[in-house]
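Dear colleague,

Please find below the structure that I am handing over to you. My notes on what was found in it follow directly after it.

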Amino acid sequence: MEQAVDTPGPTATDPPGAAAAADPAPDADREPTGKRWQLPEWWHRDHPVFVPLAGFFTGMAFIILVPGTYAAVLKSLVGYERAEELFPFVLLTLVVPISLLVAPRTRGFGRYMMFGVVATAVVVVGVSLGVLWFLLNRDG
């Protein structure tokens, strides 16, 4: 597997002081351009699994955290009965991943985010149905 940088870094088996000797300056990879530091050219190449993993786990966190947080805030602001009436409006938050699918620059991330949303929802519903079926058959 190729490394992103041509200069090797310290390894876990190097002596304790080798890390400081191998990296003389923390900004050695950056090139000065006027007042600001510019990242080197290799920095812009994405790792092929970064966007899929980030999108999937963002979708998973989105489907778990957004409805729960929305329900908790609603319940604390308007009470339990009114929060039950307003809870379906949480579906409007799906505009965010759908809008990511529209823009060409974010389309790949949006696809994996929607996959994370759908996969998490399917797993949660499937496990819930399995547990419900088990509990009903156990009492039957």
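Which residues do ring pairs link into a cluster? The cluster consists of Phe56, Phe57 and Phe115, and I return to its geometry below.

Please note that this is a predicted model, in which local features need pLDDT of at least 70 and side-chain atom pairs count only at pLDDT 80 or more, while totals for chains, interfaces and linings use all residues. Residues are numbered from 1 along each chain as its sequence is written, and side-chain values use heavy atoms, with hydrogens and water left out.

Overall fold

The protein chain has 5 helices and 2 strands, where helices (H or I, at least four residues) and strands (E, at least two) are DSSP runs numbered from the N terminus. Their order along the sequence is α-β-β-α-α-α-α. Of the 140 residues in the protein chain, 11% are buried; buried means under 20% relative accessible area, exposed over 50%, and partly exposed in between (1.4 Å probe, protein chains only). The accessible surface of the protein chain is about 11300 Å², and carbon and sulfur atoms hold 67% of that area; such areas come from the Shrake-Rupley method with a 1.4 Å probe, and for residues only the protein chains shown count as cover. Among contacts (heavy atoms within 4.5 Å) with a separation of 6 or more, 49% join residues 24 or more positions apart.

Helix α5

Helix α5 covers residues 107-139. Its 33 residues reach 48 Å from the first C-alpha to the last, close to the 48 Å expected at 1.5 Å a residue; the expected span is 1.5 Å times one less than the number of residues. Gly110, Met113, Gly116, Val117 and Thr120 are the buried residues of α5, and their cover includes α2 (50-78) and α4 (95-102). Thr120 has a relative accessible area of 10% and, leaving aside neighbours within four places in sequence, is in contact with Met60, Ile63 and Ile64.

Val131, also found in α5, is partly exposed at 45%. Together with Val123, Val127, Trp133, Phe134 and Leu135, Val131 makes a nonpolar surface patch of about 620 Å². Patches are made of residues with over 30% relative accessible area and no salt bridge, like charges being joined within 9 Å and nonpolar side chains (Val, Leu, Ile, Met, Phe, Trp, Tyr) within 5 Å.

Aromatic pairs

The count comes to 3 aromatic pairs. Rings of Phe, Tyr and Trp (its six-membered ring) pair if their centres lie within 6.5 Å; planes under 30 degrees apart count as stacked, over 60 as edge-to-face and the rest as tilted. Phe56 and Phe57 are edge-to-face because their planes stand at 80°, with the ring centres 5.3 Å apart. Phe56 is partly exposed at 22% relative accessibility, and Phe57 is partly exposed at 45%. Phe56 also forms a tilted pair with Phe115, at 5.7 Å centre to centre and 40° between the planes. This pair links distant parts of the chain, with Phe56 in helix α2 and Phe115 in helix α5, 59 residues apart.

Salt bridge

The structure holds 1 salt bridge, defined as a side-chain nitrogen of Lys or Arg within 4 Å of a carboxyl oxygen of Asp or Glu. Arg82 and Glu85 form this bridge, and their closest N and O atoms are 2.8 Å apart. The two residues are separated by about one helical turn because they lie 3 residues apart in helix α3 (residues 80-86). Arg82 is partly exposed at 41% relative accessible area, whereas Glu85 counts as exposed at 51%.

With kind regards
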